[in-house]
Amino acid sequence: MTESGVGGSGSLGRRFGWLWAAYSVSTFGTRLAFDAFALIAVVVLDAGTAQVAALAATGLAVGALVAVPLGPWVEFRRKRPVMVAMDLIRCAVLLTVPFAFAFGRLGFAQLLVVSVVVAAADIAFRAAAGSCLKALVRPPDLLAANSRFEATTWTATMLGPPLGGAAIGIFGPVVTVAVDAVSYLLSALGIRAIGGGEPPPRRADAPRPRAGDLLDDWRYVLASPGLRPLFLNTLLVNGLIMATTPLLAVLMLGDLGFAPWQYGLAFAVPCAGGLIGSRLAGPLVARFGQHRVLVASGVLRVCWPVGLAFVGPGTPGLVLVMVVEFGLITSVGVFNPVYATRRLDLTPADRVARTLTAWTVSGKLATAGLTAVWGLLAGLTGPRTAVTLAGVLMLATPLLLPRRDHDLGRPLVGPAGDR
């Protein structure tokens, strides 16, 4: 089942190439339609701030809860058919938006249902994709594969929203939703093109999980000395970063008077740091070892956000935001592929889908919860104070990172992490 090229720096094989292509097209489609639902709610449905916030938070949280039983379901099925099915579900449900709009039947409730279905399907897809990647790529090449996914993510994040904004300005927000839907169809075709056989899951005849069994995935992660610190650290750091994103928009676009194009520029240009970081991850691990790079990049990525407390108006403020975001994103670009690789290394093949489902569900719920809490905090203290507090709290999160090599689950030998 395993197919790979020569080492981590060359080709990883035709079958990985199709998986990467599928990921790339769907990621660009999603970034192109960034915030499209919020724009549709405001521009088309005349929704207020509370409704827009409810749309974002409810879709995220309810979609995550709906996905909880999908982990065991995905685990004991062939992964590529699951991925294709999730792509087709996302394509179909997203296409209902432009069709309803064309016939004058689009409503807020439909947007809410679509966002929930897309969020749940996204979690199931990611769970199956992690298992698929582990089967397609040799363990020594996982870091190279994850680095390519990371580079693709930041490229799409850098280019997608500006292009999507231009498309929305010309054609309207509903068009970008249709493009996103088509991107999932193309992704499904790419996954089908991987070809080759896929071994049946170990428990194809597994009984339907009981309610108590759904918590086993979290118990497994929290009981693992290698997974637990990574889980808690990424949950808190990612949640705090995402929770401050809307507050920065209020601070920069409201209090500090930045123009929308300046706000977009401040967060688009630094995404180049993600490309740099993802390219550096492999060479750094080869020289210093996986554990050192994981900890160093994990520490560096939380040293930057507190700088946003000092952002002011005008060009100096804009430059400060871009410098802080560039440093943050570059560090994240190194950390993410190393941590994703280590997570797969530490997870048995027959638990990957369930572990990734529990991980992703927890991340989405934590983000939704922290976003709500920080929104209330900003209402009481102001956005700058709330952003500052998040930055200060992040400085303590490296305490959750693994402190020694054997905390990662097994000892590493040599600077390249050979086992």
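**A tour of rings, charges and a glycine**

Seven aromatic pairs are counted in this structure, which is a predicted model.

For the first stop, select Y23 and F149. Their rings make an edge-to-face aromatic pair, with 4.9 Å from centre to centre and 65° between the planes. Now colour the helices: Y23 belongs to helix α1 (residues 14-32) and F149 to helix α7 (residues 142-171), so this pair, by the definition of helices used here, links distant parts of the chain, 126 residues apart.

Buried or partly exposed: what is Y23? With a relative accessibility of 25%, Y23 counts as partly exposed. F149 counts as buried because its relative accessibility is 13%, and the cut-off for buried is under 20%.

Together, F16, W20, Y23 and F149 form one aromatic cluster.

Next, look at charges over rings. Select R90 and F125: R90 lies over the face of F125, 4.6 Å from the ring centre. Then move to R343 and W359, where the charged end of R343 sits over the W359 ring at 4.9 Å from its centre.

For the last stop, select G273, a residue of helix α12 (residues 272-288). How much relative accessible area does G273 have? The value is 0%, so G273 is buried. Show its surroundings: leaving aside residues up to four places away in sequence, G273 touches F326, I329 and T330.

How values were computed
Residues are numbered from 1 along each chain as its sequence is written. This is a predicted model: local features need pLDDT of at least 70, side-chain atom pairs count only at pLDDT 80 or more; totals for chains, interfaces and linings use all residues. Side-chain values use heavy atoms; hydrogens and water are left out. Rings of Phe, Tyr and Trp (its six-membered ring) pair if their centres lie within 6.5 Å; planes under 30 degrees apart count as stacked, over 60 as edge-to-face and the rest as tilted. Helices (H or I, at least four residues) and strands (E, at least two) are DSSP runs, numbered from the N terminus. Buried means under 20% relative accessible area, exposed over 50%, partly exposed in between (1.4 Å probe, protein chains only). A charge sits over a ring if NZ of Lys or CZ of Arg is within 6 Å of the ring centre and within 35 degrees of the ring normal. Contact means heavy atoms within 4.5 Å.
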